[in-house]
Amino acid sequence: MPLSSQTAFNQLNLHERLLKGLEELSFDQPTEVQSAAIPASIAGSDLYVIAQTGSGKTAAFVLPLLQRLLHDESKPLAPRGFILVPTRELARQVVKDIDILGKYTFLKAELVTGGEDFKVQAARLRKNPDIVVATPGRALEQFSAGNLDLGSVQTLVLDEADRMLDMGFSEDVTTLANACPEGRQTALYSATKGNRGLQRMIDSVLREPEILELTSVRDDTPAIAQQVMPADDTAHKEAMLKWLLVNEGEGKTIVFTNTRVAADRLNGVLRAMDLRVYVLHGEKDQKDRNMAVERFKQGQSGVLVATDVAARGLDITELDRVINFDMPRSGDDYLHRVGRTGRAGASGLAISLISPHEWNLMSSIERYLRRQFERRILKEVPGSFKGPKKVKSSGKPVGAKKKKDDKKKSSRPKKPKAGKRPSRPPEGQVVTSSDGLAPPKRK
Ligand code: AMP
């Protein structure tokens, strides 16, 4: 993660109690997004920030929020800070960060997400937390039931707004934002420039925002070695995965699948081995999800089999490796997964197992990221597929299906198959990589 070489936290005019909180975390220097967003926030602007997960964006919005509340003398019986995030895991992580950064402030944050008892949550809201961190669905339910008063909100944060839109929360987010006072300050964070839906949200919730576009997607992952391994089929992938976990299996690994069913199946397969294996997906009940994450975090080693619901918001330090058992359906999803490793400057490794039908998707993602993944053949688990024999300059196999009339169309490469996700901005909007080289081999 790139750190600013210039600014220090004590140059950001932060309250001394916050500087003390920062000392606890041993953050020496603000990250790029922190250096840019903290002063702009303290100055009072609405913000539209494009920053990746892993860039330090949580502290970038938490610190100015705490700062504002520290200086605020009003004592309303309702929250003054309201943070909306896409997933329960991310919400928990944000509350945890507020607890640490705000340790010397006496400011309190409360979690409002699904999967927790509604009435218990309502009772906690009556205790008048200073900040509420919520997922949109449950926040709207508590709001509609009259348990969440948004009338005193001074700062509204929409974190990972692009993801909230992808997850279908657009209307909920807008309703909740409109329930906050007009004079509030709003900061919207997004990992991507999003599409028209995001622009509509920006237009409706932000007032003359300052726009901070921080790291290009590729700047964020150079410390992560990214490899692809051709695989014949699912059975071959399983054999390769087992080999990797047994023979290169030190530390913690997240294995991503595209579906819940595949995650459950792999969980069963791996449990038969002598490994600490946890599974995490959206249909697990909240208690099981929390327990899986906590146990995985606590151990020195282990395997977490997860769907994309886990990709956002999990801040698992010392995560050594991400393995894509299935190739994600878009470049953004790939980044969100791979961003779990190599966090805050640590080196990391991402391995994608690619069956023949995933090769095109993989090369689309390479083009989107303007990065070539390192090809690696796992000799110990031989297979017949070694990648296409000949590839076009686009990276696609020669002879890959192409409609006749496509030939005359734009030479712009096709986007990765989007699944349910709305379209990304065109490639031209992505800042180019300075090197474009394959990442270094891991030691
Ligand atoms: P985030 O993007 O907020 O999820 O943060 C990603 C990771 O970077 C977390 O593990 C943070 O604890 C860590 N982090 C955030 N700010 C800093 C900083 N200024 N220096 C070092 N690590 C940081």
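This is a predicted model: local features need pLDDT of at least 70, side-chain atom pairs count only at pLDDT 80 or more; totals for chains, interfaces and linings use all residues.
Figure 1. Helix H4 covers residues 88-101. Helices are DSSP runs of H or I with at least four residues, strands are E runs of at least two, and both are numbered from the N terminus. The expected span is 1.5 Å times one less than the number of residues. For the 14 residues of H4 that gives 20 Å, and the end C-alpha atoms are 20 Å apart, which agrees. Residue numbers start from 1 along each chain as its sequence is written. Local features need pLDDT of at least 70, side-chain atom pairs count only at pLDDT 80 or more, totals for chains, interfaces and linings use all residues, and side-chain values use heavy atoms, without hydrogens and water.

**Figure 2. Packing of H3 against H4.** Helix H3 (residues 57-70) meets H4 at about 50°, with the axes 10 Å apart. Axes are lines fitted to C-alpha atoms over the stretch in contact, and angles run from 0 to 180 degrees between N-to-C directions. Contact (heavy atoms within 4.5 Å) involves Thr58, Ala59, Phe61, Val62, Leu63 and Leu66 of H3, and Val94, Asp97, Ile98 and Leu101 of H4.

**Figure 3. Thr135 in its loop.** Thr135 sits between strand E4 (131-134) and helix H6 (136-144). Thr135 counts as buried because its relative accessibility is 7%. Beyond neighbours within four places in sequence, Thr135 contacts Leu84, Val85, Pro86, Thr87, Arg88, Val112, Thr113 and Gly114.

Methods. Buried means under 20% relative accessible area, exposed over 50%, partly exposed in between (1.4 Å probe, protein chains only).
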